[in-house]
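I open this notebook to record what I looked up, entry by entry. The structure is placed first, for reference.

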Amino acid sequence: MISLASRDILHGWGKFVFTGIGLGLLIGVTLVMAGVYRGMVDDGKALLDNSGADLWVVQRDTLGPYAESSSVHDDTYRGLLGLRGVERAANITYLTMQVRKGTQDVRAMVVGITAGQPGQVPGWPPYLVAGRQITRGHYEAVADIATGFRIGDRLSIRRNQYTVVGLTRRMVSSSGDPMVFIPLKDAQEAQFLKDNDAIWQSRRRTEANPALNRPGVPGLLDAVLASQSTNPYVNAVLVTLEPGYAPDEVADSIRRWQRLTVYTRAQMEDILVGKLIATSARQIGMFLVILAVVSAAIVAFIIYTLTMDKIREIAVLKLIGTRNRTIAGMILQQAVALGLIGFVVGKIAATFSAPFFPKYVLLVPADTIAGFAAVMIICVLASLVSIRLALRVDPAEAIGG
Amino acid sequence: MSIHAGRGIRIEGLVKRYGHGDTAVDALKGVNMHVAPGEVVGLIGPSGSGKSTLLKCLGAVIDPTAGRMTLGDESIFDNGWKVRDLRALRRDKIGFVFQAPYLIPFLNVTDNVALLPMLAGIPNAAARAQALALLTALDIQHRAEAMPSQLSGGEQQRVAIARGLVNRPPVILADEPTAPLDSARAMAVVRILNDMASQFQTAIIVVTHDEKIIPTFKRIYHIRDGVTHEEAGEGRSLSA
């Protein structure tokens, strides 16, 4: 028995191909949306991986440093180093801001890293694609290549200028912003530093405060002003463990003795995926549902239109003795063929367009397989209306009268 | 059982009633007809006389209300269908030729004709060979690979006739087969129908309004208000 569906498709291939391309672009958008979600999760995991930490010590009762603001004193790490199982502890700051280069600026996460060596101190970029690591205590930066900066570029962060000495790759925040690493002291200053007018106003207010400017206590005002112009806080302390120690065990110890909140890698991943990007994930989920419904409506409409165009032929086929299942099979095969064309076009479109999206789009095989299954199910369901229509066609319509 | 060797198609007291009670309308009021194998008869009547209803009953498309129909030696309707699978009955024992050819636009000429034997389970190659033989008999084998849209009206109607004949049905129902054709082509179609009826011993019923072809029938059934009257036709010569 010849395939009526394939003959019909070949006969009107232009209509089929163009409809398939249109559907494919929609499927491509759907795959990209799923890829955006996967990219967000991957960005979060990359953030944790690249930090090189086993534990994150943050301000008590906060979800810091990525999901909430967190502030711990910058000498906290000393106490942590004394605990059993702690190999290294390093302060770190995170500040998302516009980093300027000349007249342009880039959205970036500025990371303040403790002086030391990569691999020895957590928080450092684990590898570079160009240049060198930061070797000076001030005014050097390592930037992710996604910032567009190059070696030797001069960046402005607050009022200070930094020279890009190294470039790294895939060092991004959980929201996909590329990172710029600078020395910790500079980052602490950047978090705190105000403009000259604000500093002057603050000093004036302090001097006018009789409690802080006592004539009988020389040096008090200077001490207060000095404390106001420095930032002794960091956002978190990254901890690495000695081999053989369980993260939960050491975390419990820190919670008990330091009265701080500590997260293990698994807990931090839960915070990033389950809380930080949960709203975005729901948003993307909604879009996926809408796109699936729109795709189904398009397939249903196209197949319905194609079936309506063939009502007379279907009546003739039924009159000359064609079985219902042959007619239903023809419509079903056409819907599936449309879905196949759409899926192939969509997959190609998603694969080639993904690198051009500003956010990281991660297309994983599991999503491709799930997408293919969803497209097939949608096409089968969408064809049911048309099959029902075709099966209700009266063969007498071929005779007329 | 060989239907071809039997008695063509015989209809006795066929009634078709639409509606119930006070609103019931009898479209057919006891129609009697007989068409012998190899015979071509005309069925003529004004609009609303019941021609299409009779054709649909004969084609097993709608259910008659009462009466009897015999195809060859087989009773197919006796106040109810005697055949379980009407679809198979239409496919295997009744050929249809319509006013418009209604060829399947996405199948070429050969496959349009071969579709019926394929539906009956005959392998593709054998079905195509059967179709090609019939197309040759109808002198349209040179268009075997053409698509319907590439054919003239007369060629399309010949392909439609081939499709109606391909399963060698004992009866063919032709509904206004010459309506869209000019005189020459219309006469050619009637000639083909007569040739095929003789060659395959098929009983052919031609429903028509076409004044050009009515004189060619040897026997005509007039239908009016759901009742048929038989009369002898002129049986004019069909020689080209």
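How many residues does the contact take from chain B and from chain A? I worked from a predicted model. I found that chain B contributes 25 residues to the contact and chain A contributes 26 residues.

Entry on area. I looked up the area buried between chain B and chain A and noted about 2500 Å², with carbon and sulfur atoms giving 67% of it. On the chain B side, the residues that lose the most area to chain A are Arg87(B), Phe106(B) and Leu119(B), which together make up 28% of what that side buries.

Entry on polar pairs. I noted 1 salt bridge across the interface of chain B and chain A. Arg7(A) pairs with Asp111(B) in a salt bridge whose closest N and O atoms are 2.5 Å apart. I also recorded 7 residue pairs in polar contact between chain B and chain A.

Entry on the chain B side. At least two residues of the side touching chain A come from each of helix 1 (51-58), helix 2 (86-93), helix 3 (109-119) and helix 4 (124-137) of chain B. Helix 3 of chain B supplies the largest share, 5 residues. By residue class, I listed that side as 15 nonpolar, 2 polar and 8 charged.

Entry on Ser156(A). I located Ser156(A) in strand 7 (residues 154-157) of chain A. With the side chain of Gln161(A), the side chain of Ser156(A) makes a polar contact at 2.7 Å.

Conventions
Residues numbered from 1 in each chain as written. Chains lettered and ligands numbered in written order. Predicted model: local features only at pLDDT ≥ 70, side-chain atom pairs only at ≥ 80, totals over all residues. Heavy atoms only, no water. Contact = heavy atoms within 4.5 Å. Buried area = accessible area lost by both parts, 1.4 Å probe. Salt bridge = Lys/Arg side-chain N within 4 Å of Asp/Glu carboxyl O. Polar contact = N/O pair within 3.5 Å; in protein donor to acceptor, adjacent residues only side chain to side chain. Helix = DSSP H or I, 4+ residues; strand = E, 2+ residues; numbered from the N terminus. Nonpolar A, V, L, I, M, F, W, Y, C, P; charged D, E, K, R; others polar.
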